Amino acid sequence: MKNIFILLFCTTFIVSCKEEKSGTAYKESSGKINHLSVIIDNQLWNGEVGDSIRNIFAAPVDGLPQEEPLFTIKQYAPNLFEGFMTNSRNILVVLKKENNAFQLKQNEFAQPQNVAHISGSSVSEIIKLLETHSQEIIKKFKKTEIAENQKRIAKSLLTDTKIKTKFKASLKLPSAYRYIIEEDKFFWIRKELTSGNASLLIYEVPLSTIQKDSNTMTNIIQMRDSIGQRHIQGTLPNTFMVTEAAYSPYFFYTILDGKKTYETKGTWELKNDFMAGPFINYAIKDEKNKRYLIIEGFCYNPSQSKRDLMHELESIIKSIKLL
């Protein structure tokens, strides 16, 4: 009995030393996806600084058919910033002080967490710092939100064995999704909603389908329109999904699973019908297998918010691993 007591004491002592050495034991951060807590004096919030914050962090999300903010913002006065409020995953602290300063801290009060600190001697200095560092802050916040969504998705997964077999790739899919179409080189995976649905498409095309020149985006639109005509059809005759021609899609270069990727965001419509919604398309250049692996997310959710649905689809897609 004495030996057991000594062993327990030693174990507790070692663990305590390790915790002391590694620093604070962090609380788990909390909050809804794409929410931002702004800690700022009411007077600043109701003036030019508040306008600047809203213009930056509540700017419209690219590629959605209706305007929705990048982040849903909740403002708190500095004297109220304590307790559970410090658990927010993304926090922006803006103060008027003598010194102009910017810091982007990680896991300051909880984990995972980003806390951006901006202080300035005047309204103009604060706004200048906000504009200078806004892209760095947004990039960090967005990366954290993708990781948080992926963490939540991982709690209950749909098996991706079929994807591994057909496409030599793995994907973390929420268990709420179901395989709708499974063809040789084309999968349609969908989640039903009360007011609509969210979908993922997975297919592959030869490298020659997308030429690296001024027509790259045109080639991608032609590719997805041909896939839509072939596979994504409406209930009425001669109705199928196409890229909406009235709005030019957003086009970016990015990296997925270490591979060069074209990212296209825009809106789709059902030709000869009235259905429409947003899409996000990733064309991953897989030279090893002489193909582009295409993963696209799109949703149909009329009269409802689409931001967080598209964020979930983006989070799923960014879990891709080529085998």
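**Reading pockets, residues and rings in a predicted model**

Mentor: Let's start with the largest pocket, whose lining has 29 residues; Lys142, Glu263, Lys265, Glu314 and Lys318 are the ones nearest its centre. This is a predicted model, where local features need pLDDT of at least 70 and side-chain atom pairs need 80 or more, while totals for chains, interfaces and linings use all residues. Numbering runs from 1 along each chain as its sequence is written, and side-chain values use heavy atoms, without hydrogens and water.

Trainee: What volume does the largest pocket have?

Mentor: A pocket is an open set of points on a 1 Å grid over the protein atoms alone, where a 1.4 Å probe fits, with protein on both sides within 12 Å along at least five of seven lines; lining residues have an atom within 4 Å of a point. Points join across faces, edges and corners, and the volume is the space filled by probe spheres set on them. Here that comes to about 960 Å³.

Trainee: Which elements each supply at least two residues of that lining?

Mentor: Helices (H or I, at least four residues) and strands (E, at least two) are DSSP runs numbered from the N terminus. The contributors are helix H4 (123–153), strand E15 (250–256), E16, strand E17 (276–286) and helix H7 (307–317). H4 gives the most, with eight residues. By class (Ala, Val, Leu, Ile, Met, Phe, Trp, Tyr, Cys and Pro nonpolar; Asp, Glu, Lys and Arg charged; the others, Gly among them, polar), the lining holds 14 nonpolar, six polar and nine charged residues.

Trainee: And which residues lie nearest the centre of the second largest pocket?

Mentor: Gly63, Leu64, Pro65, Gln66 and Thr267, out of 24 lining residues. The second largest pocket holds about 400 Å³ of space, and E16 and E17 each supply at least two residues to its lining. That lining has twelve nonpolar, seven polar and five charged residues.

Trainee: How does lysine 164 count?

Mentor: Lysine 164, in helix H5 (residues 161–167), has 40% relative accessibility and therefore counts as partly exposed. Beyond four places in sequence, lysine 164 touches Ala169, Ser170 and Leu323.

Trainee: How many aromatic pairs are there?

Mentor: A pair of rings is described by the distance of the centres and the angle of the planes. Rings of Phe, Tyr and Trp (its six-membered ring) pair if their centres lie within 6.5 Å; planes under 30 degrees apart are stacked, over 60 edge-to-face, the rest tilted. The count is 13. In one of them, phenylalanine 71 and phenylalanine 141 have centres 5.8 Å apart and planes at 90°, so the pair is edge-to-face. This pair links distant parts of the chain, 70 residues apart: phenylalanine 71 is in the loop between helix H3 (48–57) and strand E3 (72–76), phenylalanine 141 in helix H4. Both are buried. Elsewhere, Trp188, Trp268, Phe298 and Tyr300 form one aromatic cluster.

Trainee: Where does pLDDT stay under 50?

Mentor: pLDDT is the predictor's confidence in each residue, from 0 to 100. It stays under 50 over residues 1–23, where the model has zero contacts beyond four places in sequence. The chain mean is 91, with 92% of residues at 70 or more.

Definitions and conventions. Contact means heavy atoms within 4.5 Å. Buried means under 20% relative accessible area, exposed over 50%, partly exposed in between (1.4 Å probe, protein chains only).
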